[in-house]
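Open the model in your viewer and keep the sequence beside it. The tour below goes from one selection to the next and says what is there.

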Amino acid sequence: MTSAVKKTIEITPLLLEEVDLIMPIENSCHAYPSSLKNLSSSFSKRYYNFKMTLEGKLIGFYMAELVLDEMTLHNICVSPSLQGKGYGKKLFEHFLDSARAHKVVQLWLEVRESNAPAIALYQNSGFDVAGTRRDYYPSAKGREDALLMGSMLFYD
Ligand SMILES: CC(C)(COP(=O)(O)OP(=O)(O)OC[C@H]1O[C@@H](n2cnc3c(N)ncnc32)[C@H](O)[C@@H]1OP(=O)(O)O)[C@@H](O)C(=O)NCCC(=O)NCCS
């Protein structure tokens, strides 16, 4: 008889001193990755940054910022070889739980209009397109628009 082995997934705070560890994932996930300096600037009291490990190995992260009752997801990445297996959804749900825990009312994020997997993930979690930021991102063709997506959270 075979039994399924459940892999250990952990989502824990990403610390400033660990930011260099996420750079290989950042660099392999984005055609125009953020620099170490840029990511390092996103660690202070208002940032909620988490990493995901699988069997102790770093496989993904997200970075979010809380301002008053609004939270913005600045980055979310899963190692390319492990994408499409549900890890991104787990990370995104953690982001939503973190927002609920802080009684956040409005969630925001920006995404390349060509990024179909990410857009599907966000739409399946209740996000809608609220607008377009023209030529927001660099791209192989010059510039690419960003979709500004938002979702509201409600409480009893
Ligand atoms: C976006 C990202 C974090 C999603 O992580 P993932 O582990 O691949 O996603 P999951 O396997 O958990 O899938 C979650 C949902 O994403 C969508 N999705 C994932 N891969 C998809 C694909 N190839 N095509 C369309 N939708 C896809 C689906 O809606 C899926 O939900 P479902 O399985 O219930 O249908 C990951 O693709 C990634 O790191 N991309 C590169 C970095 C990036 O673009 N980040 C977003 C910046 S805004």
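**Around the ligand**

Start with the shell around the ligand: its residues divide into 11 nonpolar, seven polar and two charged. Here Ala, Val, Leu, Ile, Met, Phe, Trp, Tyr, Cys and Pro count as nonpolar, Asp, Glu, Lys and Arg as charged, and the others, Gly among them, as polar.

Two remarks before going on. Numbering starts from 1 along each chain as its sequence is written. The model is predicted, and local features need pLDDT of at least 70, side-chain atom pairs count only at pLDDT 80 or more, while totals for chains, interfaces and linings use all residues.

Now select Gln83, Gly88, Lys89, Pro117 and Ala120, which come nearest of the 20 residues around the ligand. A residue is near a molecule or strand if its C-beta atom, placed from the backbone, lies within 6 Å of it. Strand S4 (70-78), helix H3 (87-101) and helix H4 (116-124) each supply at least two residues of this shell. H4 gives the most, with six residues. Helices (H or I, at least four residues) and strands (E, at least two) are DSSP runs, numbered from the N terminus.

**The sheet**

Next, select the strands. They form an open sheet of seven with the order S1-S2-S3-S4-S5-S7-S6 and mixed pairing; two strands pair if DSSP finds at least two bridges between them. Strand S1 (9-13) and strand S6 (128-139) stand at the edges with a single partner strand each, so one side of each has no neighbour in the sheet. On average, neighbouring strands are turned by 25° against each other, direction ignored.

Go along the sheet from S1. S1 and S2 run antiparallel and are joined by five bridges; isoleucine 11 has methionine 52 in S2 as its bridge partner. S2 and S3 are also antiparallel, with eight bridges, and asparagine 49 stands opposite methionine 63 in S3. The hairpin of S2 and S3 has two residues between the strands, and glutamate 55 there takes a positive phi near 50°.

Further on, select strand S5 (residues 106-112) and strand S7 (residues 142-152), which run antiparallel and are joined by seven bridges. Valine 111 has leucine 147 in S7 as its bridge partner. H4 packs on the sheet here, touching S5 and S7, and its direction makes about 160° with that of S5. Axes are lines fitted to C-alpha atoms, for helices over the stretch in contact, and angles run from 0 to 180 degrees between N-to-C directions.

**Leucine 109**

Stay in S5 and pick leucine 109. Is this residue buried or exposed? Leucine 109 counts as buried, because 22 C-beta neighbours lie inside 10 Å. The cut-offs are 20 or more other C-beta atoms within 10 Å of its own for buried, 12 or fewer for exposed and partly exposed in between, with C-beta atoms placed from the backbone. Leaving aside neighbours within four places in sequence, leucine 109 is in contact (C-beta atoms, placed from the backbone, within 7 Å) with Thr72, Leu73, Tyr122 and Met149.

**Helix H1**

Finish at helix H1 (residues 19-29), whose buried residues are Val19, Ile22 and Ile25. Seen down the axis, they fall within an arc of 110°, so they line one face of the helix; the arc is that of the directions from the helix axis to the C-beta atoms. These buried residues pack against helix H2 (36-40), S2, S3 and S4. Turn to the face of H1 away from its buried side to find the exposed residues Asp20, Pro24 and Ser28.

How values were computed: Two residues are in contact if their C-beta atoms, placed from the backbone, lie within 7 Å.
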